Amino acid sequence: MEHLAPKIEVGGIEFDLAAIMMIVISSLIVFILARLAVRNLSVENPGKLQNFLEWVVEFVQSIIGQTMDPKKGRPYLALGLTLILYIFVSNMLGLPFSIVTEAHGHHIPKVFGHELIIPEDTEHAAWSWWKSPTADASMTMALALIVIVLSHVEGIRQNAKHYFKHYINNPNIVFLPIHLIEVVSKPLTLGLRLFGNIFAGEVMIGVILGMGWIGIPAMLVWQGFSIFVGAIQSFVFTMLTMVYISQSIVHEEDH
């Protein structure tokens, strides 16, 4: 039986309901964790969540410090903190379990008055409702585009002369096509790297589940490895975000 993404079509546009739902859930989890961590702030007797959030803040500050002057990077602390927490939580959501619903007979479920989309060549359909949001390419590419557009906007806003000079005089205008290829490739590599790692991990979980009880030891090992991969990918995405912003706003003499 083929597992499909639960999609509906509204006004000629397809909407992946599972992706939208998981994006909202990830956002709520991060917001609630952050809110609980700062609810009872204390210098003398900080709680466990406050200690954890302070550690994450210091970790993000160290990432920024490795890519640019900490003073110039201070405005991007909130961005880095949001990215690393949101991506890590999103990477973890697809690990513990999955929620799948099946079509009964020829009855196609409706959501908000719209039938779920089923490909014509599919005889038996099941919809996967619970997955990591970052296992969806549209989600990771959207994050990557936001980061890349932000880096260009900040480069023009803070350092327009250096920003445009980089494309023309580095080392000369002959290399402009290469720089333009770099501009296009950055969001592709940033988004597809995250998507590929998380999607492959969830596919592997499905393969191991198909082995039955024999796959339990492998599942335990893979779950631990998936947590490691999810943490690494959230770090890499945040680090590259700060690198791209730094490349746009920092003068040559400041490197």
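The protein has seven helices and seven strands. The model is predicted. Read along the sequence, the elements follow the pattern β-β-β-α-α-α-α-β-β-β-β-α-α-α. The protein counts 255 residues, and 38% of them are buried. Look next at contacts between residues at least 6 apart in sequence: 77% of these join residues at least 24 apart.

Start with the strands. Strand β2 covers residues 7-10 and strand β3 covers residues 13-16. The two run antiparallel, joined by four bridges. Ile-8 stands opposite Phe-15 in β3. Together β2 and β3 form a hairpin, with two residues between them. Gly-11 sits in that turn and has a positive phi of about 65°.

Move on to helix α1, residues 17-37. Asp-16 caps the N-terminal end of α1. A side-chain oxygen of Asp-16 lies 3.1 Å from the backbone nitrogen of Ala-18. How far does α1 reach from its first C-alpha to its last? Its 21 residues reach 30 Å, close to the 30 Å expected at 1.5 Å a residue. Several residues of α1 are buried, among them Leu-17, Met-22 and Val-30.

UniProt, in an unreviewed entry, places the feature "transmembrane region" at residues 17-38, 76-99, 137-156, 194-216 and 222-245. Two of these spans can be checked against the model. Residues 17-38 are 95% helix and 0% strand, and their end C-alpha atoms lie 32 Å apart. Residues 222-245 are 100% helix and 0% strand, with end C-alpha atoms 34 Å apart.

Now take helix α4, residues 77-93. At 1.5 Å a residue, its 17 residues should span 24 Å. Its end C-alpha atoms are 25 Å apart, which agrees. Is α4 enclosed or open to the outside? Of its 17 residues, 13 are buried, so α4 is largely enclosed by the rest of the structure.

Lys-131 is the next stop. Its place is in the loop between β7 (125-128) and α5 (137-168). Is Lys-131 buried or exposed? Its relative accessible area is 13%, and buried means under 20%, so Lys-131 is buried. What does Lys-131 touch, not counting residues up to four places away in sequence? The list includes Asp-16, Ala-18, Ala-19 and Met-22, and also Leu-93, Gly-94, Asp-136 and Glu-202. Two of these partners make polar contacts with the Lys-131 side chain. The side chain of Asp-16 is joined to that of Lys-131 by a contact of 3.4 Å. The side chain of Asp-136 is joined to that of Lys-131 by a contact of 3.5 Å. Lys-131 and Leu-95 are 36 residues apart in sequence, yet their C-alpha atoms are 8.0 Å apart in space.

Thr-67 gives another view of the interior. Thr-67 lies in helix α2, residues 48-67. With a relative accessible area of 16%, Thr-67 is buried. Its side chain reaches the backbone oxygen of Ile-64 at 3.0 Å. Thr-67 also touches Met-239, Met-242, Val-243 and Ser-246, not counting residues up to four places away in sequence.

Last come the aromatic rings. A pair of aromatic rings is described by the distance of the centres and the angle of the planes. A search of the whole structure finds six aromatic pairs. One of them joins Phe-195 and Phe-199. Their centres are 5.3 Å apart with 25° between the planes, and this pair is stacked. Both residues lie in helix α6 (residues 176-209), four residues apart, about one turn of the helix. Phe-199 is partly exposed, at a relative accessible area of 40%.

Trp-222 and Phe-225 form another pair. Their ring centres are also 5.3 Å apart, but the angle between the planes is 45°, and the pair is tilted. Both lie in helix α7 (residues 216-249), three residues apart, about one turn of the helix. Trp-222 is partly exposed, at 21% relative accessibility. Phe-225, at 40%, counts as partly exposed too. Which residues do ring pairs link into a cluster? They are Trp-55, Phe-59 and Phe-235.

Definitions and conventions
Residues are numbered from 1 along each chain as its sequence is written. This is a predicted model: local features need pLDDT of at least 70, side-chain atom pairs count only at pLDDT 80 or more; totals for chains, interfaces and linings use all residues. Side-chain values use heavy atoms; hydrogens and water are left out. Rings of Phe, Tyr and Trp (its six-membered ring) pair if their centres lie within 6.5 Å; planes under 30 degrees apart count as stacked, over 60 as edge-to-face and the rest as tilted. Buried means under 20% relative accessible area, exposed over 50%, partly exposed in between (1.4 Å probe, protein chains only). The expected span of a helix is 1.5 Å times one less than its number of residues. Two strands pair if DSSP finds at least two bridges between them. Contact means heavy atoms within 4.5 Å. A polar contact is a pair of N or O atoms within 3.5 Å; within protein, one must be able to donate a hydrogen and the other to accept it, and residues adjacent in sequence count only if both atoms are side-chain atoms. UniProt positions are given in the numbering used here, feature names are shortened, and annotations may be inferred rather than shown by experiment.
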